[in-house]
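This briefing is meant for a reader who is meeting the structure for the first time. Please look over the sequence and the model before turning to the points that follow.

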Amino acid sequence: YSQTKHAHEWPLLLQVHDELLVTAPKAKAKAAHQALREAMLAVKFSVPMLSDGKTGALSWHRMKKEAA
């Protein structure tokens with residue numbers, strides 16, 4: 001992701017283990033989500049890389065707490 005044209009548009013704020021947190025304007029949230037997903041799926045592994053994501057106006061901590 002850091003090597004794509006989107007890295008300066010939607011900065012990577014935090015990486016925690018296998019999670020990535022970026023910031024983007026609300027109007028660009030879907031595009032940012034798709035760009036991250038495509039970047040993650042572009043890496044080739046010997047096993048399938050599963051990827052999902054969430055968007056929201058919450059902090060990372062609150063999103064994790066609400067998902068539990």
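In this predicted model, the buried residues of α1 are Ala32, Ala35, Leu36 and Ala39. Viewed down the axis of α1, these buried residues fall within an arc of 95°, so they line one face of the helix. Part of what covers the buried residues of α1 is β2.

**The helix α1 and the chain around it**

- The helix α1 consists of 14 residues and reaches 20 Å from its first C-alpha to its last, which is close to the 20 Å expected at 1.5 Å a residue.
- The secondary structure of the protein chain comes to 2 helices and 2 strands, and, when read along the sequence, these elements follow the pattern β-β-α-α.
- Of the 68 residues in the protein chain, 13% are buried.
- When contacts in the protein chain are taken between residues at least 6 apart in sequence, 22% of them join residues that are at least 24 apart.

**The largest pocket**

- The largest pocket holds about 970 Å³ of space, and its lining is made up of 29 residues, of which Leu20, Leu21, Lys54, Thr55 and Met63 lie nearest the centre of the pocket.
- The elements that give two or more residues to this lining are β2 (19-22), α1 (29-42) and α2 (60-67).
- Which element gives the most to the lining of the largest pocket? That element is α1, the helix described above, with 6 residues in the lining.
- Sorted by class, the lining of the largest pocket has 15 nonpolar residues, together with 7 polar and 7 charged residues.

**Lysine 54**

- Lysine 54, which is one of the residues nearest the centre of the largest pocket, is found in the loop between α1 and α2.
- Is Lysine 54 buried or exposed? Lysine 54 has a relative accessible area of 57%, and because a residue counts as exposed over 50%, Lysine 54 is exposed.
- Leaving aside residues up to four places away in sequence, Lysine 54 touches His33, Met63 and Ala67; of these, Met63 is also named among the residues nearest the centre of the largest pocket.
- Lysine 54 and histidine 33 are 21 residues apart in sequence, while in space they are 7.9 Å apart, taken from C-alpha to C-alpha.

Methods:
Residues are numbered from 1 along each chain as its sequence is written. This is a predicted model: local features need pLDDT of at least 70, side-chain atom pairs count only at pLDDT 80 or more; totals for chains, interfaces and linings use all residues. Side-chain values use heavy atoms; hydrogens and water are left out. On a 1 Å grid over the protein atoms alone, a cavity is a set of points where a 1.4 Å probe fits but cannot get out, and a pocket is an open set with protein on both sides within 12 Å along at least five of seven lines; lining residues have an atom within 4 Å of a point. Grid points are joined across faces, edges and corners, and a volume is the space filled by probe spheres set on the points. Helices (H or I, at least four residues) and strands (E, at least two) are DSSP runs, numbered from the N terminus. Ala, Val, Leu, Ile, Met, Phe, Trp, Tyr, Cys and Pro count as nonpolar, Asp, Glu, Lys and Arg as charged, and the others, Gly among them, as polar. The expected span of a helix is 1.5 Å times one less than its number of residues. Buried means under 20% relative accessible area, exposed over 50%, partly exposed in between (1.4 Å probe, protein chains only). The arc is that of the directions from the helix axis to the C-beta atoms. Contact means heavy atoms within 4.5 Å.
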